[in-house]
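Hello,

Here is the structure I said I would pass on. My notes on what was found in it follow below.

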Amino acid sequence: MLEKFSKWKSNLTPTKTDGELELDPAAVPRHVAIIMDGNGRWAKQKGLPRIAGHREGMKVVNKIVRRANELGVEVLTLYAFSTENWKRPKTEVDYLMKLPERFLGMELPKLMEENVKVRLMGSLDHLPEHTLRAVNKAVHETKDNTGLILNFALNYGSRFEMVEAMKEIALKVEKGELKPSDIDEKVIESNLMTADLKDPDLLIRTSGEIRLSNFMLWQVAYSEFWFTDVLWPDFNEEHFTEAVSVYQKRARRFGGV
Ligand SMILES: CCc1cc(N2CCCCCC2)n2ncc(-c3ccc(F)cc3)c2n1
């Protein structure tokens, strides 16, 4: 089983340079979701504080958003902060909560130029006011853009999302808007935070961990998974292109249905 898993992991560096990877523009995954893992480990390996890894990781977000947009990806979901991350030291959480405004302060003009639409998913009401202000401003300013949907998962947890969906459905049954026999996959999906999005075609996780970590558990039921040992701060456009190339090869092998 272990060697089966190890097949999933790509090498530390792309097997080919970007120029050699042939991608089929008609078979680009519409929705790519990424668990951006390995920031703390990257910092530790370099003898730096953990926040240095998060800062470096934020620069990678920029590069991958650009590459995804270039390739024609429709939705890019990035797992930026999980419901479990609140357990980290306060100093680290405080630093993380400043990253959205730092990122948007630098990148929002370019995101506008590139017709990118910023979207959020998670329990946003628990975020600090300054974080909320920054992300809501970006969502508002980009709401009419029609290009790549950049979906940040902030204070997101899949089990919480599913519990909330079940509560909403139970309420609709209680109010007589729904019968229990009406409840099917479509009803559940329409009550999830991703109701307006297609499921991820490709899930990428960096840093060598082979786990979902309570991320989009319902939505990734049929997704292709691509795990890489590369730590997020070392992840680059070539790694992203390689993940898309591997996705396309698998799709071809399984008839792409
Ligand atoms: C709130 C925690 C957090 C952490 C974080 N990291 C740290 C963890 C993962 C690596 C990437 C850098 N980033 N990077 C961008 C954002 C961001 C979020 C929303 C938004 F609208 C614009 C940017 C971000 N947010």
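On the contact between the two domains, a search for salt bridges between domain 1 and domain 2 gives a count of 0. Please keep in mind throughout that this is a predicted model.

Domains

The protein is divided into domain 1, which covers 27–156 + 199–249, and domain 2, which covers 158–192. Their contact takes 9 residues from domain 1 and 9 residues from domain 2. The C-alpha centres of the two domains lie 28 Å apart. Between them, domain 1 and domain 2 bury about 780 Å², with 59% of that area on carbon and sulfur atoms. On the side of domain 1 that touches domain 2, the residues divide into 5 nonpolar, 3 polar and 1 charged. Although the salt bridge count between the domains is 0, 6 residue pairs are in polar contact across the interface.

Side chains of opposite charge can pair when their charged atoms come close. Over the whole structure, the search finds 21 salt bridges.

E209 forms a salt bridge with R41, and the closest N and O atoms are 3.0 Å apart. E209 has a relative accessible area of 23%, so it counts as partly exposed. R41 is also partly exposed, at 36% relative accessibility. This pair is part of a network of salt bridges that links R41, E209 and R211.

K90 and D94 meet through their side chains in a salt bridge of 2.5 Å, N to O. K90 is exposed, with a relative accessible area of 61%, whereas D94 is partly exposed at 29%.

Is E107 buried or exposed? E107 is buried, since its relative accessible area is 7% and the cut-off for buried is under 20%. K110 is partly exposed, with a relative accessible area of 32%.

S207 is buried, with a relative accessible area of 3%. Which residues does S207 contact, leaving aside its neighbours within four places in sequence? They are D37, G38, R41, T228, D229, V230 and L231. With D37, the side chain of S207 makes a polar contact to the side chain, at 3.0 Å. R41, in this list of contacts, is the residue that forms the salt bridge with E209. S207 and V187 are 20 residues apart along the chain, and their C-alpha atoms are separated by 35 Å.

N214 is not a glycine, but its phi is positive, near 60°. With a relative accessible area of 15%, N214 counts as buried.

N115 is in the loop between α5 (99–113) and β4 (117–121). Its relative accessible area is 28%, which means that N115 is partly exposed.

A138 is in helix α6 (residues 129–141). At 0% relative accessibility, A138 is buried. Apart from neighbours within four places in sequence, A138 is in contact with L104, L108 and V118. A138 and R119 are 19 residues apart in sequence, and their C-alpha atoms are 8.5 Å apart in space.

Regards

Methods: Residues numbered from 1 in each chain as written. Predicted model: local features only at pLDDT ≥ 70, side-chain atom pairs only at ≥ 80, totals over all residues. Heavy atoms only, no water. Domains from an automatic or database assignment. Contact = heavy atoms within 4.5 Å. Buried area = accessible area lost by both parts, 1.4 Å probe. Salt bridge = Lys/Arg side-chain N within 4 Å of Asp/Glu carboxyl O. Polar contact = N/O pair within 3.5 Å; in protein donor to acceptor, adjacent residues only side chain to side chain. Nonpolar A, V, L, I, M, F, W, Y, C, P; charged D, E, K, R; others polar. Helix = DSSP H or I, 4+ residues; strand = E, 2+ residues; numbered from the N terminus. Buried < 20%, exposed > 50% of the residue type's maximum accessible area, 1.4 Å probe, protein only.
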